[in-house]
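Please keep the sequence and the model in view while reading.

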Amino acid sequence: MKAYVYENTGPAADVLTLREMVMPVPGAGEVRVRLKWSGVNPSDVKTRSGHIPSTIPFPRIPHSDGAGLVDMIGDGVDDFKPGDAVWVWNAAWNRSNGTAAEFVVLPSEQVEHMPDGLALENGACLGIPAMTACHAVATDGGVQGQIVLVAGGAGAVGHYAIQAAKFCGARIVIATVSSEEKEALARRAGADFVFNYKTDTLVDEINKVTDHRGVDRIIEVDLAANIQTDVAIMKEGGLAVIYGSSQKEIALPFSPSIGRNICYRFFIVYKLSRSDRQRALLVLQDMLKDKNVLHNIAKKVSFANLVEAHELVESGALPGNVVLRIE
């Protein structure tokens, strides 16, 4: 099979090479998927670039998310059969074989059936973006009746998070964006209020929306950039659910945080516990059954242009998901 591999971290054009690899064979409890689409996520780019971690312990086929058709099953697998349309998650987490390849073999618990009528390319957006959003909404008792702020509401995670918060009963969903185009995306996703963090005075605008009561929950894409604003708009006993930061080290405003009993919940979707993942998955499955979920694929890139896909994600220029078409 053909697959992209990198043996050292660095710029995409320097380290990613297309190779002919040995076809993987599923063992007991495993499923082989003929991939049609691969998701290209910021964490995939950061791992390849050396941002997290700076070195890799073994050569890698990148990417954790993907979608395709079951091709072969190992002994003891009863939930899948050849030809089933599926999406996969955590393919490259602590292992060398990700989804930037024609085939991938994974334990059957890392393979999920595609909902009826959902295009395969959308399946390549579910493992990291959608599951991150659903966990951020569902954790710590959920958002029923809450005022929720989604930072970066037009991003790959934020776009799903707005929809998940509305679906799970949030009273008001506020989103922040950086352009009129992104404002339109966030509003289509269901945000009740959308503010431009480049031009609006966020603290004043959000305090007006909440009658100075404050926000119950913030779903945060960049804690380093937004921590001061977050503390200023959070209600007493509020929760910040954090899945990203543009800086590795952050100065936390301790006094106002402890003075108002603010809780900070950090997580990475790769390391969700079984129970947390199952809860998030149930939310996602219910949303997908409803068939009203909007999937924001910003760019579809051919398999031959993987380097371009990585550079697009790295630039942060596109609002939404980048997916790789595997011919």
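Q: About how much accessible surface does the protein chain have, and what share of it belongs to carbon and sulfur atoms?
A: The model is a predicted one. The accessible surface of the protein chain comes to about 14,200 Å². The share of this surface that belongs to carbon and sulfur atoms is 50%.

Q: What radius of gyration does the protein chain have, and does this agree or disagree with a compact globule?
A: The C-alpha atoms fill a box of roughly 60 × 40 × 35 Å along the principal axes. For 327 residues, a compact globule would have a radius of gyration near 20 Å. The value for the protein chain agrees with this, at 20 Å.

Q: How many helices and strands are there in the protein chain, and what percentage of its residues is buried?
A: The protein chain contains 11 helices and 15 strands. Of its contacts with a separation of 6 or more, 69% are between residues 24 or more positions apart. Buried residues make up 53% of the 327 residues.

Q: How far apart are the centres of the positive and negative side chains?
A: The protein chain carries 32 positive and 38 negative side chains. The centres of these two sets are separated by 1 Å.

Q: Is Ser38 buried or exposed, and which side chain makes a polar contact with its side chain?
A: Ser38 belongs to strand β3. Its relative accessible area is 0%, under the 20% limit, so Ser38 is buried. Beyond four places in sequence, its contacts include Asp65, Thr99, Ala124 and Val323. The polar contact, at 2.8 Å, is with the side chain of His63.

Q: Which elements are among those that cover the buried residues of α2?
A: Helix α2 spans residues 42-49, and its buried residues are Ser43, Asp44, Val45, Thr47 and Arg48. After the helix comes Gly50, which has a positive phi near 95°. The cover over the buried residues of α2 includes α1, β3, α4 and α11.

Q: Where does Ala191 lie, and which residues is it in contact with beyond four places in sequence?
A: Ala191 is in the loop between α6 and β10. With a relative accessible area of 9%, which is under 20%, Ala191 is therefore buried. Beyond four places in sequence, the contacts of Ala191 are Ile162, Val173, Ala175 and Ala186.

Q: Which residue has its backbone nitrogen 2.8 Å from a polar atom of the side chain of Asn196?
A: Asn196 is part of strand β10, and its relative accessible area of 15% makes it buried. Not counting residues up to four places away, Asn196 touches Val177, Ser178, Ser179 and Leu202. The backbone nitrogen at 2.8 Å belongs to Lys198.

Q: What is the phi of Asn261?
A: Most residues other than glycine have a negative phi. Asn261 is in the loop between α9 and β13, and it is exposed, with a relative accessible area of 55%. Although Asn261 is not a glycine, its phi is positive, at about 55°.

Q: Is Lys291 buried or exposed, and what is its phi?
A: Lys291 is located in the loop between α10 and β14. A relative accessible area of 58% is over 50%, so Lys291 is exposed. Lys291 is not a glycine, yet its phi is positive, at about 65°.

Key:
Residues are numbered from 1 along each chain as its sequence is written. This is a predicted model: local features need pLDDT of at least 70, side-chain atom pairs count only at pLDDT 80 or more; totals for chains, interfaces and linings use all residues. Side-chain values use heavy atoms; hydrogens and water are left out. Helices (H or I, at least four residues) and strands (E, at least two) are DSSP runs, numbered from the N terminus. The radius of gyration is taken over C-alpha atoms; the globule rule is 2.2 Å times the number of residues to the power 0.38. Buried means under 20% relative accessible area, exposed over 50%, partly exposed in between (1.4 Å probe, protein chains only). Contact means heavy atoms within 4.5 Å. Accessible areas come from the Shrake-Rupley method with a 1.4 Å probe; for residues, only the protein chains shown count as cover. Lys and Arg count as positive and Asp and Glu as negative; His and the chain ends are not counted. The place of a charge is taken as NZ of Lys, CZ of Arg, CG of Asp or CD of Glu. A polar contact is a pair of N or O atoms within 3.5 Å; within protein, one must be able to donate a hydrogen and the other to accept it, and residues adjacent in sequence count only if both atoms are side-chain atoms.
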